[in-house]
Amino acid sequence: MQSNAVLATLQPNYDILSPSRFYSSSASAAATFLPVFYPQRTRFSAPQYLKLDKQVLPSASGRYVHEVKSPFKNAAVLSDSYSSEASELADIEWDNLGFGLLPTDYMYMMKCSQGGNFSKGELQRFGNIELNPSAGVLNYGQGLFEGLKAYRKEDGNILLFRPEENALRMRQGAERMCMPAPTVDQFVEAVKETVLANKRWVPPPGKGSLYIRPLLMGSGAVLGLAPAPEYTFLIYVSPVGNYFKEGVAPINLIVEHELHRATPGGTGGVKTIGNYAAVLKAQSAAKAKGYSDVLYLDCVHKKYLEEVSSCNIFVVKGNVISTPAIKGTILPGITRKSIIDVARSQGFQVEERFVPVDELLDADEVFCTGTAVVVSPVGSITYKGKRVPYGVDGFGAVAQQLYSVLTRLQMGLIDDKMNWTVELRIL
């Protein structure tokens with residue numbers, strides 16, 4: 001595939017990387033661009049992109065396809081041979097993905113001041129960021145994060161799952177944490193740009209997913225207790241496999257009745273960073289004893305189920321599926337919300353209510369839901385020294401049915417009648 005273009009208004013002393021071709025998230029024609037790096041700046045890894053066509057988004061390849069030579073001081077005449085290598089998958093062992101960070105190519109960053117609005121952000125090479133030691137997020141925990149996934153379809157296109165729900169949840173959390181937040185459109189477009197810039201890291205169909213981690217943090221310096229003067233919205237991604245080491249095999253939980261992850265009136269209902277640090281002590285102790293994770297109870301009555309460290313809990317009895325109601329101490333999980341809708345569409349009765357821990361004793365099945373775990377069957381729960389088992393062969397029938405419907409929808413294997421997925425077309 002050949003293309004020719006003339007680039008003007010290049011500044012002298014720039015290092016020019018190879019041209020590449022990038023496909024937008026719509027069905028529009030491809031555009032060609034040139035990443036230009038600034039070696040004289042401290043942010044050497046941050047590329048800027050020069051427009052060669054009407055639709056311009058940054059390229060994800062970062063490969064030297066052709067040496068660029070210019071006969072002019074402030075312009076470059078470009079004649080490139082596009083290499084299909086730019087769209088190849090990353091060279092990693094896709095069959096051995098766990099749930100850990102694999103550095104990818106690009107991250108997205110956008111900033112705004114307190115009381116202001118976020119403006120257009122930019123993609124930068126993935127790497128460390130610089131923060132003042134007095135940054136609000138470091139001193140006072142003023143930060144939120146989200147988690148969502150991208151899946152590669154059999155035709156090569158990429159699906160996002162309900163990104164607007166993550167955007168709305170971040171905005172709700174930001175209001176609680178006194179932070180400005182990107183609009184829903186800004187959030188979703190930033191996710192699209194980041195995924196497309198890292199498209200070679202989206203696993204092949206059936207090999208995993210690309211985990212997307214948006215962050216919102218008080219990056220400005222503040223010494224006294226107060227909202228930070230500046231905020232940073234950042235997205236990075238990593239290809240992942242199963243969250244629990246057991247894979248899709250049943251996990252074993254222990255009920256924690258001494259420590260609690262959230263209190264009424266606190267921040268348990270938003271995805272603030274401090275919520276997760278608070279569970280590490282109980283989780284570490286549980287794992288040291290051979291359990292997969294911890295199931296928490298409410299802190300007032302100490303008898304009602306709340307959630308597992310990083311996922312929601314469901315209890316099955318007959319045709320009834322029960323899950324703790326959202327009441328300010330439980331995160332309103334997007335997978336939780338989706339499973340409830342899927343279950344009802346499959347004819348199950350779903351109850352959102354206070355669920356006493358005693359109901360675990362005669363439940364038919366128990367399972368967890370979350371972005372990272374999707375649907376994870378529970379093989380046993382231990383409460384005050386008593387172990388209650390649930391089946392022996394992996395998924396219970398209900399969890400298996402719901403898992404199958406949801407994952408097939410997420411991966412584009414069945415029609416999306418819910419209108420939950422957003423397709424990014426790789427032309």
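**Cavities**

I counted four cavities of 30 Å³ or more. The model is predicted, and I read every value below with that in mind.

I then took the largest cavity and noted a volume of about 90 Å³. Which residues line the largest cavity? I listed Gly147, Leu148, Lys149, Tyr151, Phe161, Asn166, Ile334, Thr335, Gly370, Thr371 and Gln410. S10 and H6 are the elements that give two or more residues to this lining. S10 gives the most, with three residues.

I sorted the lining of the largest cavity by class and got four nonpolar, six polar and one charged residues. I also checked the domains: domain 1 (95-240) and domain 2 (251-411) each supply at least three residues of this lining.

**Nonpolar cores**

Next I looked up the largest nonpolar core, which has 39 residues. Phe187, Val191, Val195, Ile212, Leu216 and Phe233 are the residues with the most contacts inside this core. I went through the elements that each supply at least two of its residues: strands S7 (106-113), S10 (148-152), S11 (158-161), S12 (209-218) and S13 (230-240), together with helices H2 (163-176) and H3 (184-197). H3 provides the largest share, seven residues.

What does Val191 contact, leaving aside neighbours within four places in sequence? I found Leu148, Leu160, Ile212 and Ile235. Of these, Leu148 is also on my list for the lining of the largest cavity, and Ile212 is among the residues with the most contacts in the core.

I noted a second, separate core of 22 residues. Its members include Ile251, Cys368, Val373 and Val378. As background, nonpolar side chains in soluble globular proteins tend to be buried together.

**Ala343**

Last, I looked up Ala343, which is found in helix H6 (residues 334-345). Is Ala343 buried or exposed? I put Ala343 down as buried, because its relative accessibility is 1% and the cut-off for buried is under 20%.

Which residues does Ala343 touch, not counting those up to four places away in sequence? I wrote down Ile321, Phe348, Val350 and Leu402.

Conventions:
Residues are numbered from 1 along each chain as its sequence is written. This is a predicted model: local features need pLDDT of at least 70, side-chain atom pairs count only at pLDDT 80 or more; totals for chains, interfaces and linings use all residues. Side-chain values use heavy atoms; hydrogens and water are left out. A nonpolar core is a set of buried Ala, Val, Leu, Ile, Met, Phe, Trp, Tyr and Cys residues joined through side-chain atoms within 4.5 Å. Buried means under 20% relative accessible area, exposed over 50%, partly exposed in between (1.4 Å probe, protein chains only). Helices (H or I, at least four residues) and strands (E, at least two) are DSSP runs, numbered from the N terminus. Contact means heavy atoms within 4.5 Å. On a 1 Å grid over the protein atoms alone, a cavity is a set of points where a 1.4 Å probe fits but cannot get out, and a pocket is an open set with protein on both sides within 12 Å along at least five of seven lines; lining residues have an atom within 4 Å of a point. Grid points are joined across faces, edges and corners, and a volume is the space filled by probe spheres set on the points. Ala, Val, Leu, Ile, Met, Phe, Trp, Tyr, Cys and Pro count as nonpolar, Asp, Glu, Lys and Arg as charged, and the others, Gly among them, as polar. Domain bounds come from an automatic or database domain assignment.
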